[in-house]
Amino acid sequence: MYSVIIGIQCASIIMLLIECWIVMKHAKTMLHGFLALSCISTVFNNLGYLVELMSRSQEAYFAALRLSYMGRIWISFALLMFIAELTRSKFIKSLKYVFATINGAVYIAMFTTMQTGLYYKNCGFEMHGDFPMFIHDDGIMHQIWSAVIFVQIIIGLYALFSEQHKENDANRRRQLFMVICAVLVQSVAVILQLLKVIPISYVYDLTMLGYPIGTVFMFVAIKKYDLLDAEVIARQFIINQLSEAIIAVDRHGVPRFYNEPAKQMAPHLGGTLQSVLEVMQRSLSSEKPIRVGNRIYTAKENMLILQGKNMGKIYALVDSTDAYRYMDEIKEQRRLAFQANKAKSAFLANMSHEIRTPINSILGMDEMIMRESSEDEIIENAENIESAGRHLLSIINDILDISKIEEGKLEIIEVDYDLTSVINDLVNTIQMRADSKGLLLKLDVDGEIPKMLHGDEIRIKQVAFNILTNAVKYTEKGSVTMNVSYEKVKDEPESILLRISVTDTGIGIKEEDLPKLFKAFERIEESRNRSIEGTGLGMSISKRLLNMMGGSLEIESEYGKGSTFAFTVKQRVVQWEPVGHYEDSYKRAVEGRKKYRTSFIAPEARVLVIDDTPMNLSVFKGLLKQTRVKIDTAASGDEGIEYAKENNYDIIFIDHMMPHKDGVETLAEIKAMNVPSSGAVTVCLTANAISGAREKYLAAGFDDYLSKPIEANRLEHMIMDYLPDEKVQEVSASEAESSSSGEIPKWLYGVGELDIQVGLRRCGTVELYLETLGIYAGMVKENADEIENYLKAGDVKNATIKIHALKSTSRAIGAVSLGDLAEMLEDAGNENDVETLERAVPGMLRIYRGIGEALGKIEEEKKATEPKAAEKQKISGAELKEAFTAIGEFMSVADYDSALQLIEKLSDYNVPEKEKERCDALRKAPDGFMYEKISELLKEGE
């Protein structure tokens with residue numbers, strides 16, 4: 001018997017060594033590491049027990065026992081950790097430090113048991129035949145260790161059975177079954193030995209038989225069912241080396257696999273694998289990244305398909321920090337660029353204002369010289385000053401234009417224009433420059449070109465001026481020739497291709513320098529041409545403007561000999577009357593522009609104007625005053641609708657942007673009513689005459705549109721076009737001449753913000769212009785306060801509407817730079833750019849109030865010229881009451897013209913002291929078109 005036991009023990013040691021060699025040979029993961037530890041521990045245990053069987057003294061036996069316990073103490077622990085890796089049990093892994101600590105304490109207790117009695121006590125030794133026998137009682141640490149072994153067996157078997165129950169893969173289930181068998185055999189042997197229910201366990205350790213049997217099952221799992229498969233090991237090894245956290249779940253959503261990065265991520269995302277999975281799933285559903293510390297992760301999800309069958313999903317957590325930081329940097333750069341662009345725009349607008357103010361003063365004083373002087377030499381010098389001033393303004397406009405083009409805000413606005421005037425403006429502007437350099441300016445104008453064209457004359461003139469300026473700048477001797485010609489457009493009988501070319505005898509351009517022509521702020525051969533003035537913007541703007549007009553720019557140049565710049569744009573012909581000799585045509589045009597003349601009268605015609613800005617209504621009435629057209633005015637959409645119900649109008653003009661009810665809404669209501677005025681011609685008044693505006697307003701139901709500030713000639717031409725022929729009577733030149741008179745006060749030219757000529761052109765007559773300036777000044781305080789209050793209250797919408805009105809009224813009186821600044825702030829308001837409004841509106845209002853204060857002198861002069869109260873005829877209280885009654889009757893039947901004439905007549909009388917305040921209020925009410933106020937004032941005395 002003894003020899004058989006020794007043989008079995010030697011065989012088990014050999015089998016364990018073979019298993020250990022196989023495991024160590026393939027070891028790549030923690031799974032196989034713990035299996036290898038279990039094998040090595042078992043080898044030490046069985047080897048020590050073999051020495052125990054061969055011992056013949058207590059000292060030898062106890063030395064062999066210590067050797068055996070070097071392995072025995074770690075067998076169950078290593079096997080449990082192997083099971084944890086095999087089943088991916090987070091719970092078992094969390095207990096490893098507890099079990100390791102207990103095992104260490106048990107080994108120390110066993111090693112020192114002869115001194116402490118903690119593990120064994122009452123030790124003795126005797127022989128039973130050939131079998132040595134160690135007699136002892138179990139100490140406290142032995143009992144603890146026995147309990148720990150029971151716990152480890154239960155936990156390990158539970159984990160194995162649970163994993164096999166969840167597993168769908170057949171080969172995987174077989175692997176787990178063999179491992180379960182191996183563990184069960186060893187566990188049964190351990191339990192039998194600890195409980196000593198079989199007598200042989202007193203002389204032979206049954207675990208020594210359980211280990212080799214368990215090894216057989218483990219061999220089957222390794223060899224037959226690929227427990228140590230190299231491919232599986234490699235996949236797991238590679239997956240663990242990935243930077244992405246990987247979690248695989250089965251079809252039921254139960255986590256089946258995770259890699260090392262997922263394990264490392266768990267403490268940051270809830271502490272468990274399930275919490276990491278839930279965070280990933282929330283991220284996928286919300287499409288938001290996951291932030292851990294200063295890192296940013298993106299969750300990804302993929303289906304696991306095996307042989308066409310859905311096996312579950314794989315979730316991955318990818319570190320996207322660098323990508324997000326790069327995107328954040330791009331966003332920040334865009335934000336900074338946007339802020340810089342806004343700052344540039346604000347700077348350019350302010351710079352334009354600051355520079356234009358003194359230039360407008362210079363040009364205003366120069367205009368006075370030209371008007372008051374009769375000496376040809378002085379007039380010629382004044383014209384040169386004007387030409388130079390206009391050139392300086394053009395440079396400022398270039399800078400502003402390039403900014404607008406970059407922002408996509410510059411539009412092409414087409415109007416009817418006289419080509420003769422365009423040519424002569426170009427000649428007058430460039431002649432002085434050519435003369436100062438001793439250059440000959442040659443002109444070659446095709447006399448057959450149609451005189452009246454339709455297009456953007458301002459931009460055409462701008463492009464031609466840029467080309468002419470460059471030609472003169474870069475030509476030291478010889479000549480500059482401007483050629484103006486045309487071609488008819490095939491299949492478009494009402495259009496021509498207008499061609500303007502400029503040839504010089506200057507320095508020419510190298511072929512490699514041609515691309516630089518169209519780069520903003522870059523000039524050709526800077527070192528050679530450093531003495532030549534210029535911003536480098538002209539040609540860049542010209543090319544972009546031509547592109548916007550559908551035209552093209554052609555360049556021919558020979559370095560050292562000269563260049564030819566030419567452009568062609570399509571224009572619609574308004575009248576086919578030819579230019580003829582351009583100098584004669586220009587002289588006739590100048591004569592025609594010297595003084596405004598009414599071109600028609602229409603006393604039977606009736607027009608309605610709807611605009612929320614009183615000054616605009618006053619300007620409109622003033623522009624048509626000499627035409628005798630009956631004009632009704634309404635200060636809101638609702639008021640205009642009421643007028644349209646009660647009267648039959650030939651034309652209705654409606655402002656687009658009004659509070660509460662805008663022009664489009666007002667038009668829709670009028671069209672929907674079954675009244676005579678629903679068939680009237682409707683025209684939209686707008687300060688935003690951008691490209692495509694006509695199509696936009698026609699689509700809204702309007703018959704036409706008129707841009708603000710309103711040009712007197714355009715308004716008259718429009719009314720003549722739309723009024724029935726039987727209501728229009730042409731006026732002779734002599735009649736028109738007698739109807740226009742008045743003189744501009746000299747002090748008005750000192751108001752630097754005003755361009756007097758622009759204001760006169762838009763108001764038509766001196767009388768109307770002065771009246772409009774007075775109304776404008778009277779509105780300043782109220783409007784400025786309203787804008788401030790709206791901004792303080794956070795009401796950007798209404799503040800923007802008020803700024804829009806300020807833009808159009810300022811341009812109407814010739815305060816062009818203030819109008820431009822208001823336009824910029826209107827754009828900011830439409831974009832809800834509160835920061836720009838808060839920064840720039842106070843400066844705009846300072847300018848606005850300054851103009852109002854300066855124009856207050858008009859009202860003072862008006863009062864000074866009125867007869868003094870002592871010189872006026874007295875009117876009694878009874879007579880005044882009768883006048884009030886008559887005014888009230890006129891108001892009740894909407895005969896506002898008669899009512900206003902009677903109110904104005906009261907200013908000729910010395911009224912009783914107690915009624916002076918009411919009479920003054922009655923006189924001021926029409927200026928603001930507050931007709932309802934008149935009725936209220938009349939009732940005060942009843």
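I began with Tyr 119, which counts as buried at 0% relative accessibility; buried means under 20% relative accessible area, exposed over 50%, and partly exposed in between, with a 1.4 Å probe and protein chains only. I noted that the model is predicted, that local features need pLDDT of at least 70 and side-chain atom pairs pLDDT 80 or more, while totals for chains, interfaces and linings use all residues. I recorded that residues are numbered from 1 along each chain as its sequence is written, and that side-chain values use heavy atoms, leaving out hydrogens and water.

I searched the whole structure for aromatic pairs and found 10. Rings of Phe, Tyr and Trp (its six-membered ring) pair if their centres lie within 6.5 Å; planes under 30 degrees apart are stacked, over 60 edge-to-face, and the rest tilted.

I looked up Tyr 107 and Phe 111, a tilted pair with 6.2 Å centre to centre and 35 degrees between the planes. Because they are four residues apart in helix α5 (residues 96–111), about one helical turn separates them; helices are DSSP runs of H or I, at least four residues, numbered from the N terminus.

I then returned to Tyr 119, which forms an edge-to-face pair with Tyr 120, at 4.8 Å centre to centre and 70 degrees between the planes. Tyr 120 is buried, with a relative accessible area of 5%.

I last checked charges over rings, where NZ of Lys or CZ of Arg is within 6 Å of the ring centre and within 35 degrees of the ring normal. The charged end of Arg 66 sits over the ring of Phe 111, 4.3 Å from its centre. That of Lys 488 sits over the ring of Trp 576, 5.5 Å from its centre.

Conventions
Helices (H or I, at least four residues) and strands (E, at least two) are DSSP runs, numbered from the N terminus.
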